[in-house]
Amino acid sequence: MSRPFNFSAGPAVMPESVLQQAAAEMLDWRGSGMSVMEMSHRGKEFVQICDEAEADLRELLSVPQDYAILFMQGGATAENAIVPLNLLGTRPARSADYVLTGSWSKKSYQEATRYGDVRIAASADHETQLDGRRQAPFTWVPPVDTWTLRPESSYVHFCSNETIDGIEFAEWPDAAALGADVPLVVDASSHFLSRPMNISRTGLVYAGAQKNAGPAGVTIVIVRRDLVGHALDACPSAFDYAKVAKESSRFNTPPSYAIYMAGLVFKWVLANGGVQAMEEANRAKADLLYGYIDNSGFYRNGIHAPVRSRMNVPFTLADESLNDAFLKGAAQAGLLALKGHKSVGGMRASIYNAMPLAGVQALVDYMKAFEKSHG
Ligand code: PMP
C-alpha cells in the first residue's frame, strides 16, 4: 500500500516502520499477552518500556545526568503554565523574561503573566529593516544582544521553532553570552530531535511529541535538577516536576501508549543515525524546497533567510485566489495538509523527520507543474 505524503504540522507523519511495529505488537506486546494499552503503568512490562524510552532519549540528545527527563500530559500549552508554576520560585524575585518571535512564544508569555512578574525581553511583533529589507512582524528574530534580561529573573523563555510562522533559531543562545546568569527555557516542540540540541546550555527544554517524537498525548520535559523542587503552592501535584521526577514519570497514570509510541520513534531515530543524520536529511529537504521557492516568481517565503525553519515552511502564491485550486490539486496528487495556519494564511509544508526527501521532491514537482499551468 502506498501512502500519500502528509505535510501536517502536527499531529504529523510518523515513520512507517514505527506504525508497522506498533500494529504487529498491538494485540500482544512481546509475549506478554497484553496490548501496551492494557498494561498497568506500574507493571514490569510498562516500567521497562518507559525506562527504555527515557534512556534512549538521553542517549539521542546526550542529556547530562544532572537533568531529569519527564513524560507529562497537557501538551506544550499546559507547560506554558507548568513552567512558571515550577520555576518562578527558584529565585526570590519570582520574575521571568520572554522573547516573542511568533504565535507560540506570544501565547507562552500571555499565559505566564498570570503567575508572576513576567515581562517581554525582546519582541519581533513589529516591522523592522534587516539586511536592507523590510521584515514584517514575526518574520525575524531579535538579535540576542538586544534582549533585556533582568539578572534576578528565574528564567528566560523562547520558542526555538515557531511552527506557525516558520522561524527557527539557527543556534540556541549561549547563556553566558546573554550577560545575565538566567537559565534558558526552550519550547522546542516542533523541531525536537530534528538536529543536535545543546541541552547543557539550557535550564529546561519542553516539547509536545506530536511533530517529531510520537503521537499527541505526551509532553517531554528535560529539566536541570537544581531547578526542580521549587514549585509554587498553587502548582497542581500532577504537574510538580519534583513529584513527577521522583516517580520516574509515573506519579499518576501517564499517557502510557503515547510513551510507548514515542519510545519506538526514539529507537527509529537511533537506528537511522541519530540526530546528526536527521539534521543532514532535514537540511537537504529544506534546501530543496526553499531553493525552488526562491527561484520562482510565483511562490514566496518572507522569513528572514538566516532564521527560516527547516521543519515548517510557510509560503504564499502570487495570486491568493488560486489557493483552493492549489490545495485541491495537491490532495489529488497525494500531497496532504498543505493549508497554512488560519492566522497567517497561504500554505505550509511541515517536513519533519519522518517526511522523506521523495515527499519534498514530489511537492516541488507539483508546485512546478502548478506554476506552469497557472503562472
Ligand atoms: N508550542 C509550539 C511550538 C507548537 O507548535 C504547539 C502546537 N502546534 C504548541 C506549543 C502547543 O502544543 P499543544 O497543542 O500540544 O498544547
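**Ligand and strands**

Tutor: This is a predicted model. The shell around the ligand is made up of Gly75, Ala76, Thr77, Trp104, Cys159, Asn161, Thr163, Asp187, Ser189, Ser190, Gln210 and Lys211.

Student: Which helix gives the most to that shell around the ligand?
Tutor: Helix α3, residues 75-87, gives the most, with 3 residues.

Student: And how many nonpolar, polar and charged residues does the shell have?
Tutor: By class, there are 3 nonpolar, 7 polar and 2 charged residues in the shell around the ligand.

Student: How far is a polar side-chain atom of Asp187 from a nitrogen atom of the ligand?
Tutor: That distance is 2.6 Å for Asp187. Lys211 also has a polar side-chain atom by a ligand nitrogen atom, at 2.9 Å. For Trp104, an N or O atom of the side chain is 3.5 Å from an oxygen atom of the ligand.

Student: How much of the ligand's accessible area does the protein cover?
Tutor: On its own the ligand has 390 Å² of accessible area, and the protein covers 83% of that.

Student: New topic, strand β3. Which way do its residues point?
Tutor: Ser95, Asp97 and Val99 point one way from β3, while Ala96, Tyr98 and Leu100 point the other way.

Student: And are they buried or exposed?
Tutor: All of them are buried. Strand β3 covers residues 95-100, and since 6 of its 6 residues are buried, the strand is largely enclosed by the rest of the structure.

Student: What cut-off decides that?
Tutor: A residue counts as buried under 20% relative accessible area.

Student: In which sense do β3 and β4 pair?
Tutor: They pair in the parallel sense, over 6 bridges, with β4 spanning residues 117-123. As an example, Ala96 stands opposite Val118 in β4. Between the two strands the chain passes through helix α4, residues 103-112, and this β-α-β crossover is right-handed.

Student: How many bridges join β3 to β7?
Tutor: There are 3 bridges between β3 and β7, which is residues 155-159, and the two strands run parallel. Ala96 turns up here too, opposite Tyr155 in β7.

Student: What holds paired strands together, in general?
Tutor: Strands of a sheet pair through backbone hydrogen bonds, in either a parallel or an antiparallel arrangement.

Student: Which strands run antiparallel to β12?
Tutor: Strand β2, residues 67-72, runs antiparallel to β12 and is joined to it by 6 bridges. Strand β11, residues 204-208, is also antiparallel to β12, with 5 bridges. In β12, Arg224 stands opposite Tyr67, and Ile220 stands opposite Ala207.

Student: Why is β12 largely enclosed?
Tutor: Because 5 of the 6 residues of β12, residues 219-224, are buried.

Student: Last one: where is Ser350 found?
Tutor: Ser350 is in strand β16, residues 347-350. Its relative accessibility is 0%, so Ser350 counts as buried. The side chains of Ser350 and Asn312 are joined by a polar contact of 2.9 Å.

Student: What order do the strands of that open sheet have?
Tutor: The order is β13-β14-β16, with 3 strands and antiparallel pairing. Strands β13, residues 299-300, and β16 are the edge strands, each pairing on one side only. Strand β14, residues 312-317, pairs with β16 over 4 bridges, and the bridge partner of Val313 in β16 is Ala349.

Technical notes
Residues numbered from 1 in each chain as written. Predicted model: local features only at pLDDT ≥ 70, side-chain atom pairs only at ≥ 80, totals over all residues. Heavy atoms only, no water. Buried < 20%, exposed > 50% of the residue type's maximum accessible area, 1.4 Å probe, protein only. Pairing = 2+ DSSP bridges. Right-handed = clockwise from strand over helix to strand, strands pointing away. Near = heavy atom within 4 Å. Polar contact = N/O pair within 3.5 Å; in protein donor to acceptor, adjacent residues only side chain to side chain. Areas by Shrake-Rupley, 256 points an atom, 1.4 Å probe, with all protein chains shown as cover. Nonpolar A, V, L, I, M, F, W, Y, C, P; charged D, E, K, R; others polar.
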